[in-house]
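Student: I would like to learn how to read a model of this kind. Can we go through it feature by feature?

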Amino acid sequence: MRKAYLILLLLISISGLSQNKQILYNFTSVPQSLSTNPGADFKYNYYFGVPLLSGISLNVGSTGFSTYDLFANDGVDFNLKMRNVLASTSRKDKVSINEQIELFTGGFKVGDWQDHAYVSFGMYQEFDFLSYMPKDLAILALDGNKDHIGKVFNFADLNLKTEMLSVLHIGYNKNIRENLIVGARGKIYSSIFNATSTNNSGYIYTNLGTSTAYEQVIYSNSQLNTSGISAYIDEDSDVDTVSDIQKKTLLGGNLGLGFDLGFTYYPKKNIQITASVLDVGFIKHSKEVERFTYKGLYKYEGVNPSFNGVDDPRSIYQEFKDAIPLDTIYTKYTTWRPAKFNASYQYSFNDSRGADCNCINNDAAYKNAVGAQLFVMTAPRAPIMALTGYYRRNVLDNLQLKATYTVDSYSFTNIGLGLSTNIGKFNMYVLADNLLEYRDISKANSLSFQFGLNFIFEDNNEPF
Amino acid sequence: MIKYHLYTILGTILLPFFLFSCSSDLDFNQANDLRLEPVIVGNLTYFDIAAHQFVENGVEKNLLFDAQDFDVFRDSFLRQNLKRADFSFEITNTINRSYSFDLNLIDQNDAVIYTIRMDVPASNGTAVIIDKTEIFENAKLELLKASRRLEFVLVMAAGPALSENSLGSLKLKSHATVYLVIE
């Protein structure tokens with residue numbers, strides 16, 4: 001069991017979080033594009049998603065190494081592979097997992113046929129995990145300090161967070177001018193569990209000493225905040241995990257508030273600019289809170305005789321535990337959701353309606369579009385960024401395609417493809433990126449996959 | 001017609017994945033082979049006694065004695081994973097007297113279960129440096145793990161008289177090298 005924990009620790013240590021949905025963003029034939037921009041140019045009379053199947057998305061990334069590097073069945077000793085992975089990664093490398101499942105979603109048009117105002121709502125469950133490579137701690141665990149005299153091991157390398165939450169949201173989207181759509185979405189977060197250890201500092205070092213053999217100092221200012229976890233890890237707990245998670249999903253967890261904002265603007269008929277900011281919000285953790293702190297300074301000199309004739313035995317073990325105590329506190333804390341920023345610029349061509357159409361702007365009318373997107377997300381250290389170029393084509397009236405090329409810290413060769421099709425009122429979409437990596441999935445540094453099923457009743461723009 | 005479309009489109013979407021997606025042979029059970037072998041060095045003990053400290057009120061003290069708790073093995077993690085420990089000592093004598101130094105490992109019944117002895121010749125003006133390394137492995141390691149206290153016994157042999165103005169010192173530096181195997 002201990003091994004499993006160590007592996008978990010290692011994997012955690014080697015993690016990061018990207019929630020870039022570059023294919024879904026501004027892919028407005030899919031209702032879920034509203035979740036990446038509440039001001040997306042998506043028109044409907046009403047729509048609803050197939051419950052539990054309307055939006056499933058999985059996003060896994062690792063900048064420093066792949067599954068293959070660690071688990072290839074190639075006869076090489078696992079410990080050697082681990083050392084190689086450790087040697088080839090830095091403290092900036094990260095592993096991330098993001099998963100979202102829409103429980104339900106829907107939307108409807110409000111006002112009369114001339115109004116272009118839309119309401120969308122829904123609830124989804126999300127799991128996030130992000131960890132940087134705890135390089136120094138891993139070196140210490142693998143090698144010890146004997147061959148690293150003089151090296152200062154940095155405790156700030158331990159930087160991770162994980163959370164499961166449900167999000168209930170409602171959004172409003174309106175054409176405030178013919179060429180400008182704005183939207184906003186309010187969100188209520190219900191955190192099922194959270195573990196955050198992102199503000200650690202401290203060090204441990206061993207230098208050659210003068211009077212003692214070594215000068216050894218450990219300083220720690222580390223903290224792990226958790227909420228909603230104690231009931232699951234306590235062996236004496238008789239909590240029914242499944243029903244507990246269900247209860248917390250339905251707003252019974254630690255609650256928070258947030259919002260999304262976005263717009264779509266057409267400076268010219270065939271030029272489109274969009275931007276959105278998502279998940280500006282916080283969660284207040286007040287229930288089932290356990291915060292572990294490990295704070296203090298200790299200079300270790302050894303077990304030393306005093307020779308002064310006084311019997312004053314000191315306990316080094318106790319001294320250490322007193323100097324850097326492991327404390328548990330139960331006061332509430334606040335976490336911020338990782339905020340995301342998206343922006344795009346798109347040029348459309350081949351208007352299928354003819355050049356002098358005077359109808360309302362809608363980029364869906366064009367057969368082809370090319371564009372560029374920027375994605376930025378806040379992370380415990382530096383923001384995570386990605387740049388995407390894309391080509392969108394309406395292959396048939398009911399089949400849209402979007403191809404993307406994305407450059408980010410995970411990969412320079414990320415090619416993605418999205419397909420959305422309408423069969424009658426039935427809409428189905430599949431989006432996947434890093435297609436080149438499908439040649440050997442185990443060597444992929446990042447993969448994302450989304451699909452979903454919806455029923456869309458289109459806005460026919462007619463009085464009846 | 002709709003059905004036909006559905007199949008075509010589904011096929012178009014899924015075919016590339018099935019055709020081109022593959023994975024190298026992976027073996028996640030390798031994780032069970034995980035074996036950490038850190039080697040840790042740390043201070044063990046030190047002292048620095050000036051020559052005049054062997055004289056009290058004009059009378060030589062020939063025996064210095066102290067005992068300290070040595071309770072690191074109360075930690076079960078260390079008890080389970082310790083495979084070997086090396087204790088390295090270096091005594092530097094610049095006093096014109098010879099000494100014998102005993103480090104006794106004492107168990108919970110107050111019995112001496114192991115003694116590390118170092119004999120230190122007198123200094124004739126230049127520093128006398130004595131090194132010793134004691135390796136605890138296998139059965140000997142069990143003795144170390146059973147230790148609860150360290151007893152320091154320093155005996156000064158007969159020789160030229162010391163006064164409260166005598167120069168020189170007796171210094172001990174020591175460190176432990178601890179070999180852990182965590183599986």
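Student: Where does P383(A) lie?

Tutor: Some ground rules come before the answer. This is a predicted model, in which local features need pLDDT of at least 70, side-chain atom pairs count only at pLDDT 80 or more, and totals for chains, interfaces and linings use all residues. Residues are numbered from 1 along each chain as its sequence is written, while chains are lettered from A and ligands numbered from 1 in the order in which they are written. Helices (H or I, at least four residues) and strands (E, at least two) are DSSP runs, numbered from the N terminus. P383(A) is in the loop between β16 (366-377) and β17 (384-396) of chain A.

Student: Is P383(A) buried, exposed or partly exposed?

Tutor: Count C-beta atoms, placed from the backbone: 20 or more others within 10 Å of a residue's own is buried, 12 or fewer is exposed, and in between is partly exposed. P383(A) has 13 C-beta neighbours inside 10 Å, so it counts as partly exposed.

Student: Which residues is P383(A) in contact with, beyond its neighbours within four places in sequence?

Tutor: A contact is two C-beta atoms, placed from the backbone, within 7 Å. Here the partners are V376(A), M377(A) and T378(A).

Student: How do the side chains alternate along β1 (residues 46-49) of chain A?

Tutor: Y47(A) and G49(A) point to one face and are buried.

Student: Which strands pair with β1(A)?

Tutor: Pairing takes at least two bridges found by DSSP between two strands. β1(A) pairs with β3 (residues 94-110) of chain A in the antiparallel sense, over 3 bridges. There, Y47(A) stands opposite G107(A). β1(A) also pairs with β21 (residues 446-457) of chain A, antiparallel over 4 bridges. In β21(A), N454(A) is the bridge partner of G49(A).

Student: How many residues does each chain give to the contact between A and B?

Tutor: Chain A gives 49 residues and chain B gives 50. On the side of chain A that touches chain B, the largest share, 4 residues, comes from α4(A).

Student: Which residues of α4(A) are buried?

Tutor: K135(A), D136(A), A138(A) and I139(A) are buried. Seen down the axis of α4(A), the buried residues fall within an arc of 160° (taken from the directions from the helix axis to the C-beta atoms), so they line one face of the helix. Just after α4(A), G144(A) has a positive phi of about 80°.
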